[in-house]
Amino acid sequence: MQEKLLELQKNALAEIAEADSIEKAESLRVKYLGKKGELTIILKGMGKLSAEERPVVGKVGNEVRTAIEEGINNAKTELKKAEQAKKLAEEVIDVTMPSKEFKVGKKHPITKIIDEVTDIFIGMGFSIAEGPEVETVRNNFDALNAPKDHPSRDMSDTFYINDDLLLRTQTSPVQIRTMEKEDLPIKIIAPGRCFRSDSPDATHSPMFHQIELLVVGKDITMTEFKGTLNTFVQKLFGSETNTKFRPHNFPFTEPSAEIDVTCFKCGGKGCPVCKGEGWIEILGAGMVHPNVLRNCGIDPEVYSGFAAGMGVERLAMLKYGIDDIRLLFENDVRFLDQF
Ligand code: DAH
């Protein structure tokens, strides 16, 4: 029996030496030392031995078990080391390799203008308001005092969804939503997308952006109106910029004005940007019409306000010298990369 045990040890150690993976070495533990392992089977025969032989064989059996266990553990340690060495050799980092190009995106010129304008107004204590792009006819036209036969209501100008809903043609409906919802005084700007049924050409796009402005409170007069807009254009175009308030007509303001600024390119002398005029029109504005205040439940005898709306694409095109609005939406990265 002792010979059998020593034979077993020899075979086991030889097999362990051959093991070429940790799993293989581990499987030999089961093969030799497991419940149904070869060593266990031999030792089960010990019952048949004489009382003198039993402790001697038992001792050899234990020594064989220890030898096999040690053999397996050593083999596993060696195999682990070899595996690690192989991994290290394979995963060498070549510090001389050229790096991958890291491209940081940038803001679209429309976003840049919106950010710039909103920053200026936030600096003057305004907050930002938002409204949905799908609007009610009431908020987009009726509550804004647009006459029933106003040409902008025409199907050929406005995308209607049904009799009551449309894609907003201007950001002005945000005025209505804000006046109906918020407490007075109100001081907001509302940037956003607008839609009109225009065929695209160099100056028209069926989708475009506006920034709306609304101030409502007590004692808001033409003085606050002109002062705020003068400050804004000087912050946007430079402190030398002058403004010209040209009388105009909007249904939601009375009086209404279109506001021109001295050309930021030539300073007013006349150049291709201002088409030789020295002035550039940048926004529509006026004192909020009493009917609009009334439509929102505000008493025009107590409160007054002013509003303005500007086209973002127009500002971007002027500022960056872009001559075709479509370039802004084709999103050719070679074009957008310039700004
Ligand atoms: N909503 C006008 C438009 O789309 C722009 C405008 C003009 C907005 C005068 C105003 C305003 O708030 O007072 O042409």
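Analyst: One definition to start: angles under 35 degrees count as roughly parallel, over 145 as roughly antiparallel, 65 to 115 as roughly perpendicular and the rest as oblique. The model is predicted, so local features need pLDDT of at least 70 and side-chain atom pairs count only at pLDDT 80 or more, while totals for chains, interfaces and linings use all residues. Residues are numbered from 1 along each chain as its sequence is written, and side-chain values use heavy atoms, with hydrogens and water left out.

User: At what angle do the axes of helix α1 and helix α2 cross?

Analyst: Roughly 165°, and the axes of α1 (residues 2-18) and α2 (residues 22-33) come within 10 Å. Axes are lines fitted to C-alpha atoms, for helices over the stretch in contact, and angles run from 0 to 180 degrees between N-to-C directions. Helices are DSSP runs (H or I, at least four residues), numbered from the N terminus. α1 and α2 are therefore roughly antiparallel to each other.

User: Which residues make that contact?

Analyst: From α1, Leu 8, Asn 11, Ala 12, Glu 15 and Ile 16; from α2, Leu 28, Lys 31 and Tyr 32. Contact means heavy atoms within 4.5 Å.

User: What about Gln 9, what does it touch?

Analyst: Gln 9 lies in α1. Leaving aside residues up to four places away in sequence, Gln 9 touches Val 64 and Ala 67.

User: Next, α5 and α8. What is their packing angle?

Analyst: Helix α5 (residues 109-123) and helix α8 (residues 222-237) pack at about 130°, with their axes 10 Å apart. α5 and α8 are therefore oblique to each other. The contact is made by Glu 116, Val 117, Ile 120 and Phe 121 of α5 and Thr 228, Phe 232, Lys 235 and Leu 236 of α8.

User: Now the ligand. How many residues surround it?

Analyst: 15 residues surround the ligand, and the closest are Gln 170, Ser 172, Arg 196, Gln 210 and Glu 212.

User: Which atoms of Glu 212 and Gln 175 are involved?

Analyst: In Glu 212, a side-chain N or O atom is 2.6 Å from an oxygen atom of the ligand. For Gln 175, an N or O atom in the side chain is 3.0 Å from a ligand oxygen atom.

User: And Ala 308?

Analyst: A polar backbone atom of Ala 308 is 3.3 Å from an oxygen atom of the ligand.

Notes: Helix = DSSP H or I, 4+ residues; strand = E, 2+ residues; numbered from the N terminus. Near = heavy atom within 4 Å. Polar contact = N/O pair within 3.5 Å; in protein donor to acceptor, adjacent residues only side chain to side chain.
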